[in-house]
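Please keep the sequence and the 3D view at hand while reading.

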Amino acid sequence: MKIRIFSTLIIGCLLVLSAAVSGACSDGSNEAKQLFVSQIRRCNRLNLGEMRISKTATIEDLKLSDADGPRQTAAALLDAVKIGDRKAVYSYDTYLTAFIDLSAFSENDVDIDTDAKRVRITLPSVQTRMSGRDVAVREDHYRVTGLRSQVSPAERAAVKEKMSRHLKEEIASDKRYSDILVGRAQQRAIEYFNNLLSHDGYTVEINFR
């Protein structure tokens with residue numbers, strides 16, 4: 001299995017926040033703070049990264065050693081005497097997205113200290129969810145020669161379904177994937193909030209629930 005992580009972010013949303021926190025820091029009033037909190041809530045769900053997880057599977061004639069039962073044994077014996085080769089390799093991608101739900105962000109989650117020139121923000125925990133999958137499998141290798149049968153659409157559909165099922169099971173049972181993505185997403189959120197909200201000597205402290 002291969003994984004790749006892509007960083008994505010709703011930049012327009014954070015640019016609005018930058019203007020809002022600028023006013024809140026300059027003003028220091030409750031009204032300015034309320035405006036800042038309101039702007040964060042309007043972002044709703046902030047996407048911070050996406051992981052592409054690839055699964056690879058092979059289709060080839062059944063070997064006699066792998067046959068299970070009389071029917072498969074007979075098919076394997078027939079394939080063993082056929083001339084030629086038959087092997088196809090397919091890959092399939094599914095996507096895991098990391099995001100923060102900002103809809104419940106409140107005034108208790110932000111503290112602006114104008115004397116110390118510090119902005120402290122407590123963000124909701126990063127969540128992950130399955131966000132999509134490829135419509136079709138990719139054909140990475142295909143070799144059918146001699147008297148071997150071509151790979152049928154039914155076989156391709158079956159291998160896609162098998163890869164999809166295995167991917168879901170592995171992602172659900174192995175937290176390494178979500179842990180990697182959550183760690184990258186937290187780092188991304190800290191970097192962007194620091195870059196966009198720090199100004200006029202203010203420092204930004206980001207925590208997660």
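What volume does the largest pocket have? In this predicted model, the largest pocket has a volume of about 230 Å³. The points below describe the lining of the pocket, then the aromatic rings, and finally a sheet.

**The largest pocket**

- The lining includes the run A57, T58, I59, E60 and D61, together with R86.
- E155, A158, V159 and K162 also line the largest pocket.
- Two elements, β2 (45-60) and α4 (153-173), each supply at least two residues of this lining.
- By residue class, the lining of the largest pocket divides into 5 charged, 4 nonpolar and 1 polar.

**Aromatic rings**

- The count of aromatic pairs comes to 0.
- Charged side chains do lie over ring faces: R45 is placed over the face of F99, at 5.3 Å from the ring centre.
- R176 lies over the face of Y177, at 5.9 Å from the ring centre.

**A sheet of 3 strands**

- Strands of a sheet pair through backbone hydrogen bonds, in either a parallel or an antiparallel manner.
- Here, 3 strands form an open sheet in the order β4-β5-β8, and the pairing is mixed.
- Because β4 (110-113) and β8 (203-208) each have a single partner strand, they stand at the edges, and one side of each is left without a neighbour in the sheet.
- On average, neighbouring strands of this sheet are turned by 10 degrees against each other, direction ignored.
- Strand β5 (residues 118-123) pairs with β8 in the parallel sense over 6 bridges.
- I121 stands opposite I206 in β8.

Definitions and conventions:
Residues are numbered from 1 along each chain as its sequence is written. This is a predicted model: local features need pLDDT of at least 70, side-chain atom pairs count only at pLDDT 80 or more; totals for chains, interfaces and linings use all residues. Side-chain values use heavy atoms; hydrogens and water are left out. On a 1 Å grid over the protein atoms alone, a cavity is a set of points where a 1.4 Å probe fits but cannot get out, and a pocket is an open set with protein on both sides within 12 Å along at least five of seven lines; lining residues have an atom within 4 Å of a point. Grid points are joined across faces, edges and corners, and a volume is the space filled by probe spheres set on the points. Helices (H or I, at least four residues) and strands (E, at least two) are DSSP runs, numbered from the N terminus. Ala, Val, Leu, Ile, Met, Phe, Trp, Tyr, Cys and Pro count as nonpolar, Asp, Glu, Lys and Arg as charged, and the others, Gly among them, as polar. Rings of Phe, Tyr and Trp (its six-membered ring) pair if their centres lie within 6.5 Å; planes under 30 degrees apart count as stacked, over 60 as edge-to-face and the rest as tilted. A charge sits over a ring if NZ of Lys or CZ of Arg is within 6 Å of the ring centre and within 35 degrees of the ring normal. Two strands pair if DSSP finds at least two bridges between them. Axes are lines fitted to C-alpha atoms, for helices over the stretch in contact, and angles run from 0 to 180 degrees between N-to-C directions.
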